[in-house]
Structures are given as C-alpha cells and as structure tokens.
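Q: Could we go through this structure together? I would like to discuss helix packing, charged pairs and backbone geometry.

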Amino acid sequence: MANIQKTDALLVKDYMAGDENALATLIRRHESKVYGFIYSKVSDKDVSNDIFQDTFIKVIKTLKLNSYNEEGKFLPWVMRIAHNLIIDHFRKSKKMPMYRETEEFSIFSVMSDDSLTVENQIIADQVEVDIRRLIEELPLDQKEVLIMRMYQDMSFKEISETTGVSINTALGRMRYAIMNLRKIIEKHQIVLTN
C-alpha cells in the first residue's frame, strides 16, 4: 500500500494538515515541468531559479493561509503563479521602459512590435488582455467607436456611416474614450509596457 502514489489533491490536503513531507513530494513531482516552463520563457538560469523559488514561496503562503481552492488542479494553479511571476519579472526589467499615454504616443502602439521575442510576446499578450479589460469599463458609445477604430481599422467616415452619427460625434467619442482610458489607468495605477 505504501507505494501507491497519492494524488496532488491528497498531498495538498496532507500538507495543509501539517505534513511538511507532502509539499516536498509535490515539489519533486512537478519541479521539472514548472522549472522547464519558466526557463523556456526567460532563458536565464539564475532568473529561472529565482522565479521557481518565488513560485513555491507563493504556493506555500497560499496553502498556509488556507486560501487554496483549486481542487484537483494543483499543477495548472502552480503554472499560473509561475506565469504571473514571469510577467512581473519582465515588467520590472530595465529592458522594458514604462510608456505613458500622451497626445503623440498611444498605448495601442505597444501592440504593434513586429519583432517580438518570447518575453515581449508574453508581455504583449498581457498588455492586450489588460487593454481589453480597460475598454470594457468604457461607456458603450465610446467603446463601440474605439473598437471600430483600433481593432477593425475603420476610418472615422466609416464609423460615422456605420453608427449613424456625424464624423465630429465619432471623433468626440474617440477623444472621450482615450481620456477615460487615461483616467482608469491612473486610478488603478496600471503599468502598460512592451
């Protein structure tokens, strides 16, 4: 009976009940997958080791606080933590300057880098997700114009014809959409980088 392998969920439960060896078993079981995933994204042994350790520190803290509720999905949960820490690493990295929205520079231009490295692709994907979430907070008329302009590449004349409003109204809605995005970004202290 002793050599029947316990499931991840049972090991998590044992660890939360005070069995430190259960966590060691979980780490040994998944360390090559987790480390391999991290290394494939950052391509640096030292950084990978740091992120790997930070990942399991976060796992331990979450388990000790009894905040874990991903029943039966331990590895995907750990991989999500690692993925978020990788993104944090790239965002904090000096290789990535922070850009502020100005009249001359649009936050949408960070998604147009044609020569994306793996790390830039991860960040571009996350920036895309973040921007989509921000757009969802806009009033419907502003969101509609912004999506037509930025994602469907429509001219303001085409937007005007599609929505049945004047070109000036479409331009105004776009202007307000950008202003409101700036306010949301500042309010939530969001950092968009590439």
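This is a predicted model: local features need pLDDT of at least 70, side-chain atom pairs count only at pLDDT 80 or more; totals for chains, interfaces and linings use all residues.

Q: At what angle do α3 and α4 pack?
A: Helix α3, residues 45-64, and helix α4, residues 74-92, pack at an angle of about 125°. Their axes are 9 Å apart.

Q: Is that arrangement oblique or roughly perpendicular?
A: The range for roughly perpendicular is 65 to 115 degrees, and an angle counts as roughly antiparallel over 145. The angle here is about 125°, and α3 and α4 are therefore oblique to each other.

Q: And is the crossing of α3 and α4 left-handed or right-handed?
A: The crossing of these two helices is right-handed.

Q: Which residues meet there?
A: From α3, the contact involves V47, I51, D54, T55, F56, K58, V59, T62 and L63. Facing them in α4 are F74, W77, V78, I81, A82, L85, I86 and H89.

Q: How do the residues of that contact divide by class?
A: The contact of α3 with α4 has 12 nonpolar, 3 polar and 2 charged residues.

Q: What about α1 and α3, how do their axes cross?
A: Helix α1, residues 8-16, crosses α3 at roughly 65°, and the two axes come within 10 Å. An angle of 65 to 115 degrees counts as roughly perpendicular, so α1 and α3 are placed in that class. The crossing of α1 and α3 is right-handed.

Q: Which side chains are involved, in terms of residues of α1 and α3?
A: V12, Y15 and M16 of α1 make the contact with I60, L63 and K64 of α3. By class, this contact has 5 nonpolar residues, no polar ones and 1 charged residue.

Q: Changing topic: how many salt bridges does the count come to?
A: The count comes to 6 salt bridges. As background, side chains of opposite charge can pair when their charged atoms come close.

Q: Where does K64 find its salt bridge partner?
A: K64 forms a salt bridge with E20, with the closest N and O atoms 3.6 Å apart. This pair links distant parts of the chain: E20 lies in helix α2, residues 20-42, K64 lies in helix α3, and they are 44 residues apart.

Q: What distance separates K6 and D14 in their salt bridge?
A: The closest N and O atoms of K6 and D14 are 2.7 Å apart. K6 is partly exposed, because its relative accessibility is 39%. D14 has a relative accessible area of 18% and is therefore buried.

Q: Which residue meets K143 in a salt bridge?
A: The side chain of K143 meets that of E136, at 3.2 Å from N to O. K143 counts as buried because its relative accessibility is 15%, whereas E136 counts as exposed at 52%.

Q: Turning to the backbone, what is phi of S43 near?
A: Phi of S43 is near 50°, a positive value in a residue other than glycine.

Q: Where is S43 found, and is S43 buried or exposed?
A: S43 is found in the loop between α2 and α3. Its relative accessibility is 55%, so S43 counts as exposed.

Terms used: Residues are numbered from 1 along each chain as its sequence is written. Side-chain values use heavy atoms; hydrogens and water are left out. Axes are lines fitted to C-alpha atoms, for helices over the stretch in contact, and angles run from 0 to 180 degrees between N-to-C directions. Helices (H or I, at least four residues) and strands (E, at least two) are DSSP runs, numbered from the N terminus. Angles under 35 degrees count as roughly parallel, over 145 as roughly antiparallel, 65 to 115 as roughly perpendicular and the rest as oblique. A crossing is left-handed if the near helix is turned anticlockwise from the far one by less than a right angle, and right-handed if clockwise. Contact means heavy atoms within 4.5 Å. Ala, Val, Leu, Ile, Met, Phe, Trp, Tyr, Cys and Pro count as nonpolar, Asp, Glu, Lys and Arg as charged, and the others, Gly among them, as polar. A salt bridge is a side-chain nitrogen of Lys or Arg within 4 Å of a carboxyl oxygen of Asp or Glu. Buried means under 20% relative accessible area, exposed over 50%, partly exposed in between (1.4 Å probe, protein chains only).
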